[in-house]
Each structure stands twice: as structure tokens, then as C-alpha cells.
Amino acid sequence: MFDCKNFCFNWSMEARRLAILCSHLCPVNLGSSPAPLLNLSSSSCASGSKSEHLIYDSQKGSLQDDCVFCKIVRGEAPAFKLYDDDSCLCILDTRPLSNGHSLIIPKSHYSSLEATPPSVIAAMCSKVPIISNAIMKSTGSDSFNLLVNNGEAAGQVIFHTHIHIIPRKARDCLWASESLERRTLKFDEEASRLAKSIQEILHSTKENDSKVQESNLTEN
């Protein structure tokens, strides 16, 4: 038997999910008297010939020069700039989940978090306290979510690494998942296997990184 109520609920949740995924693809009208759009500083995205603007996306195996964030960095697309330095910039999300929803993006193109050098991630994260504090003061918020959608299944739609800063207020009911009851972790064999697997991968990754560093030192 067709369950109309359940169908409408699922459709509503799917529509909301798509709205989140598309949150910064289409600029919106920000009011009758918006602040001036600012041109962002040039960076590695802006240097070189047209052929050097082509970005190789290792996850997709294709060349593209239509990355919206690279266009913003090159000054080819408008954005409301909140913060700008040599390594990254922060802009207002054009379809915010809350007032002041902002994005920290690196000025060089990296398609995913794992493809982003640790030094770049560190530079981005080091700006979170000062930027988030300014955003909370300006919006009258006292909390915020720090969010990264990494990979298609996690909702990433712009394959240029970025961090969301989403201001929050009490009882804003922003995330439906906050009302869901969480399951308590069982200290059983399944959890033990999971922890051991993660530990082994981390150990292997650390060893490989050490070998690469030694190789680089030897070559130099």
C-alpha cells in the first residue's frame, strides 16, 4: 500500500539534502543594498598560461578549468570576502544554512582533503578561531559547526577543499540528526577489530611517510 506521508517526508528530506549539497553553486540576491563585491587576491590559481589553469582532478581523472573556487581566487567570479592571506581566504556561502555561514578555501586547488598538503590544512585550521569568533560576534551566535564534506558520499559537490563555518543558536533545529538517538558503542569484538584496523592503517601510513621523507633527504 502506498504510504503518502512517508513518501512526502522522504521527498522533503531529499530536497533539503540537495539544497545543502548545492549551497554554494548558485549566487543569490543578498538584499537591496548589498556590500560591494570584492576582487580576491591572485594566487597559484591565477598564474601561468591558459593551459596551466587546467586542473587535474585525480579523483575524476579529467582536466577542468571551471572550478568555482579557483575562479573566485583568480578574480573571475564574485564573492563576499571576509578574510584573505597568502595561503587561504574566507568567503560568505552564497546559499547559507544559517546567517554568517562561511567557507575557508585554500588558494591552491586540491580536490579532496587527503590530496591537500598537511601544511595547507594547518594554515586553514589555524584561521578558524579568529574567523569564527568574528562571525559569531557579528551574527549574535554563541556556537558554530566546523564541517568538511569530503567525497561524493559525504555531500561534496565542489571538488576544491573547503571548510564550512556554520554559526549556531540554541534551538535553531538546523540538523535533523541532532534529534536522533545515538547508539552506545559496545566494547565488543567488532569494535575491537575496527579500532585495530584503523591503528594498523595509521601505522602503515606513518611508516610510508617516513620512508618518503628519508628518500627526499637522500636525494637532496
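The mean pLDDT of this protein is 77, and 70% of its residues reach 70 or more. Here pLDDT is the predictor's confidence in each residue, on a scale from 0 to 100. Over residues 7-14 the pLDDT falls below 50, and beyond near neighbours in sequence this stretch has two contacts in the model. A contact means heavy atoms within 4.5 Å. Residues 20-64 also have pLDDT below 50, but that stretch has 89 contacts beyond near neighbours in sequence. Where pLDDT is low, the predicted coordinates should not be read in detail.

The model is predicted: local features need pLDDT of at least 70, side-chain atom pairs count only at pLDDT 80 or more, and totals for chains, interfaces and linings use all residues. Residues are numbered from 1 along each chain as its sequence is written, and side-chain values use heavy atoms, with hydrogens and water left out.

Now the overall layout. The protein has five helices and seven strands. These are DSSP runs, numbered from the N terminus: helices are H or I with at least four residues, strands are E with at least two. From the N terminus on, the order is α-β-β-α-β-β-β-α-α-β-β-α. Of the contacts with a separation of 6 or more, 61% join residues 24 or more positions apart.

Of the 220 residues, 30% count as buried. Buried means under 20% relative accessible area, exposed means over 50%, and partly exposed lies in between (1.4 Å probe, protein chains only).

The largest nonpolar core has 12 residues, among them Phe69, Ile72, Leu89, Ile105 and Ile158. Such a core is a set of buried Ala, Val, Leu, Ile, Met, Phe, Trp, Tyr and Cys residues joined through side-chain atoms within 4.5 Å. At least two residues of this core come from each of α2 (68-74), β4 (88-92) and β5 (102-106). The largest share, four residues, is supplied by α2. A second, separate core holds 11 residues, including Cys90, Ile104, Tyr110 and Ile163.

UniProt, in an unreviewed entry, places the feature "active site" at His162. UniProt positions follow the numbering used here, feature names are shortened, and annotations may be inferred rather than shown by experiment. His162 is found in the loop between β6 (143-147) and β7 (163-168). Is His162 buried or exposed? His162 is buried, with a relative accessible area of 4%. Its side chain reaches the backbone oxygen of His160 at 2.7 Å.

Terms used. A polar contact is a pair of N or O atoms within 3.5 Å; within protein, one must be able to donate a hydrogen and the other to accept it, and residues adjacent in sequence count only if both atoms are side-chain atoms.
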